[in-house]
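Here is a set of exercises to work through with the model open beside you. Try each task on your own, then walk through the solution step by step.

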Amino acid sequence: LDRPHAEASVERMLERSRFRPPRAVVIRIDKASATSGETLFQPIGRQLVAAMKADLVSRCRPLPEGSAGFWIELVGNPNATEHDEDEGES
């Protein structure tokens, strides 16, 4: 995805997480290539730091060497269940 779409996708995920049980998520980012220019690592990283400050993300770590992206733990809604999630979607 390009930057605006990637940021919007992360924003939607963060918004939906408020209605779901806490969970861990992996966000994968394409690695840089000779012709790709800058990656989305820094912009998405800044977005995740802001989500941590807003108490939407409890933990965030870069993926291990060889993978590009982040492992995050969403705060979610501790009172939500997987069943509640299924009822809201059609």
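**Exercise 1. Find the residue in E3 that stands opposite Pro62, then work out how the strands are arranged.**

Step 1. The model is a predicted one, in which local features need pLDDT of at least 70 and side-chain atom pairs count only at pLDDT 80 or more, while totals for chains, interfaces and linings use all residues. Residues are numbered from 1 along each chain as its sequence is written, and side-chain values use heavy atoms, with hydrogens and water left out.

Step 2. Count the bridges: E2 and E3 are paired antiparallel over 5 bridges, and 6 bridges join E1 to E3, also antiparallel. Two strands pair if DSSP finds at least two bridges between them.

Step 3. Locate Trp71 in E3: Arg61 has Trp71 as its bridge partner, and Val26 has Trp71 as its bridge partner too.

Step 4. The 3 strands make an open sheet, E1-E3-E2, with antiparallel pairing. E1 and E2 are at the edges with a single partner strand each, so one side of each has no neighbour in the sheet. On average, neighbouring strands are turned by 20 degrees against each other, direction ignored. Such angles run from 0 to 180 degrees between N-to-C directions, with axes fitted to C-alpha atoms (for helices, over the stretch in contact).

Step 5. Follow the chain from E2 to E3: the two form a hairpin with 6 residues between them, and Gly66 in its turn has a positive phi of about 100 degrees.

**Exercise 2. Place the helices against the sheet and describe H2.**

Step 1. H1 packs on the sheet and touches E1, E2 and E3, its direction making about 20 degrees with that of E3. A contact means heavy atoms within 4.5 Å. H2 lies across E1, E2 and E3 and runs at about 155 degrees to E2.

Step 2. Check the length of H2. The expected span is 1.5 Å times one less than the number of residues; for the 13 residues of H2 that is 18 Å, and the end C-alpha atoms are 18 Å apart, which agrees.

Step 3. List the buried residues of H2: Pro43, Ile44, Gly45, Gln47, Leu48 and Ala51. Buried means under 20% relative accessible area, exposed over 50%, and partly exposed in between (1.4 Å probe, protein chains only). Their cover includes H1, E1, E2 and E3.

Step 4. Gln47 has 14% relative accessibility, so Gln47 counts as buried; beyond four places in sequence, Gln47 touches Glu7, Val10 and Glu11. Val49, at 43%, is partly exposed.

**Exercise 3. Which residues have the most contacts inside the largest nonpolar core?**

Step 1. Apply the rule: a nonpolar core is a set of buried Ala, Val, Leu, Ile, Met, Phe, Trp, Tyr and Cys residues joined through side-chain atoms within 4.5 Å.

Step 2. The largest such core has 17 residues, and Met13, Ile27, Ile44, Leu48 and Ile72 have the most contacts inside it. H1 gives the most to this core, with 4 residues.

Step 3. Zoom in on Ile72: beyond four places in sequence, its contacts include Met13, Ile27, Leu48 and Val57.

**Exercise 4. How many salt bridges are there?**

Step 1. A salt bridge needs a side-chain nitrogen of Lys or Arg within 4 Å of a carboxyl oxygen of Asp or Glu. The count comes to 3.

Step 2. Arg3 pairs with Glu7, with the closest N and O atoms 3.0 Å apart. These two are 4 residues apart in helix H1, about one helical turn.

Step 3. Glu15 pairs with Arg18 at 2.7 Å between the closest N and O atoms.

Step 4. Arg59 and Glu73 meet at 3.0 Å, N to O. This pair links distant parts of the chain, with Arg59 in strand E2 and Glu73 in strand E3, 14 residues apart.
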